[in-house]
Amino acid sequence: MASLQNSPLDHSILICVSTLLLSTVFGSCASDHTLSSRTVALFTFGDSTVDPGNNNYIKTIPENQAHYKPYGQNGFFQHPTGRFSDGRIIVDYIADYAKLPLIPPFLQPSADYTNGVNFASAGAGVLSETNQGLVIDLQTQLKNFEEVQKSLTEKFGEVKAKEVISEAVYFISIGSNDYMGGYLANPKMQEQYNPEQYVGMVIGNLTQAIQVLYGKGARKFAFLRLCPLGCLPAFRALNHKASGGDCFEAASALALAHNNALKTVLTSLEYMLKQFKYSTSNFYDWLQDRIDNPYKHGYKDGVNACCGTGPYGGIFTCGGTKEVKDYQLCENADDYVWWDSFHPTERIHEQLAKALWNGAPSSVGPYNLEELFSVDEEKLTIGYMVDDPEAQDHFSLLK
Ligand SMILES: *[C@@H]1O[C@H](CO)[C@@H](O)[C@H](O)[C@H]1NC(C)=O
C-alpha cells in the first residue's frame, strides 16, 4: 500500500478499483485521469430561444418558422436552418464550449443522438394550451426524450445509456409563450386566472416536467430564466400609442414573477432531490442592462429590431410568408440587441452563452455550465474502469 501511495496513478487506480466491481465493459481510466471514453450529451427543451429547426418538420404557421432568409443571414450556416437569429443560438455555443458537435433537432431525419439532441419548438409553452396544435408542446418534448432514451439503450446497452443520461446536461428555456400568446393575448385565460394563479400553473407544470426528467435519470439541469418580455420590440410597438414606446410593464411583471417562483422551486428541488444540480442565470437583469446601456456592452441599439417593420421594428415580419411581408433590415445585426420583433441577435446569444459557461457568480449559479459539464467526482466511483495497461498492472498488484 505504501508504494502505491507514492504512485502518480493512485487516484485513478482507487477510482477504477471500486468501479470494476460494478462495471466491466465500459469506460476507461487513462493515467492522466482524463476519461477518454466518457460520453457527454446536451439535451435541450424549450421554445424559439433554443429551437434549432424542429419546426421545419411540423405543420404550423409561418410565424413559428425561420427557415427562410434573412434568418441565418450571417453565413455561419450555409442556409437558414430554422433558428430565430441571424446566426447561431445559445445552445450552439454551449455545445461548442463543451467540445461537442452541433446538436441536431430531434425531428431531423437520421439525427445522431450520441451527444444529445434538441427537442425545442418555436412557439411552445409549458402549458399544452399555449399555441396548441401549432407547436411541439413540453409534454410531447418529454415523450420524445423517452424515444431517444430507448434508442440510446439499444445503441450503448443499459449500463452505459444510464450513465450518459445521468452525466448529460438538460438545458431548459421555456415560458415566454405562456405569458405572451397564452395569457396576455388570450382574454379567456385572463378571465379564468389572475396573473398570480396563472404563474402558479405554469410553474407547477414546469416543476412536474423537471421531476419527470429527474425520474428518467437526469441530474444536471440548466435554466434560462425569462427576459424582460415587455421590452421586446413587439411589446414596445403595442405600447407605442399609450406610452410613447416604454416597455410594457404587465409583460415584464409576469416574467419577473415567473423567475422568482422558478428560483424558489429550484432551491427546494435541490434540497429534495438527491444529486439534483442546476445552473440558472439572471437573464432578466442581464438583458435589461444591454437594452438600457447598449454602448456599455458594444451595441449601438437596445430598442429596435434589426429585422421588422413599424415602430421599433416591432411588427413581426422578417421574410417568409407572414401576414405582413414588407420588412426593413438593418445594416449590421451585431450593433443590435434585437434581431427581430421577439428574438435577440446572434451576438447576444454568444455573450449570454459565455456568461452561462463561466461567467461571474452574479450572472450564473449555483453551478455554471462549465462545472455542470465537468466530471462529477461522486459519479466517477460508479461508472468507469481501468483500460490503461500500466494502471491494469497496478490493479493486479492490488488484487
Ligand atoms: C398544469 O396545467 C394545467 C393546465 O394546462 C392545469 O390544469 C394544472 O393544474 C397544472 N398543474 C399544476 C401542477 O400546476
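**Group meeting talk: a predicted protein model**

The residues in question are Leu-127, Ser-128, Glu-129, Met-201, Gly-204, Asn-205 and Gln-208, and a residue is taken as near the molecule if its C-beta atom, placed from the backbone, lies within 6 Å of it.

Two remarks on how to read all this. This is a predicted model, in which local features need pLDDT of at least 70 and side-chain atom pairs count only at pLDDT 80 or more, while totals for chains, interfaces and linings use all residues. The numbering of residues starts from 1 along each chain as its sequence is written.

Turning to the whole protein, there are 16 helices and nine strands, where helices (H or I, at least four residues) and strands (E, at least two) are DSSP runs numbered from the N terminus. Of the 399 residues, 47% are buried, meaning that 20 or more other C-beta atoms lie within 10 Å of the residue's own, whereas 12 or fewer make a residue exposed and anything in between partly exposed, with C-beta atoms placed from the backbone.

Which residues touch the most other members of the largest nonpolar core? In this core of 95 residues, they are Leu-42, Ile-94 and Leu-229; a nonpolar core is a set of buried Ala, Val, Leu, Ile, Met, Phe, Trp, Tyr and Cys residues joined through C-beta atoms within 7 Å. Helix α8, residues 195-215, gives the most to this core, with six residues. In general, nonpolar side chains tend to be buried together in soluble globular proteins.

Now to the sheet, which is open and has five strands in the order β1-β2-β3-β4-β9, with mixed pairing; two strands pair if DSSP finds at least two bridges between them. Because β1 (42-46) and β9 (364-366) stand at the edges with a single partner strand each, one side of each is left without a neighbour in the sheet.

Strand β3, residues 220-223, runs parallel to β4, residues 277-281, and four bridges join them, while another four bridges join β3 to β2, residues 169-173, again in parallel. Phe-223 stands opposite Thr-280 in β4, and Phe-223 is also the bridge partner of Ile-172. Both faces of β3 are covered, with Lys-220 and Ala-222 buried on one side and Phe-221 and Phe-223 buried on the other.

I would also like to point out some backbone details. The peptide bond between Lys-69 and Pro-70 is cis, with omega about 5°, and Pro-70 sits in the loop between β1 and α3 (90-97). A cis bond also leads from Gly-365 to Pro-366, with omega near -10°, and Pro-366 lies in strand β9.

Finally, is Lys-99 buried or exposed? Lys-99 counts as exposed because it has 9 C-beta neighbours inside 10 Å, and its phi is near 60°, a positive value in a residue other than glycine. Tyr-312 has a phi near 60°, but Tyr-312 counts as buried, because it has 24 C-beta neighbours inside 10 Å. Lys-99 lies in the loop between α3 and α4 (138-156), and Tyr-312 in the loop between β6 (307-308) and β7 (328-329).
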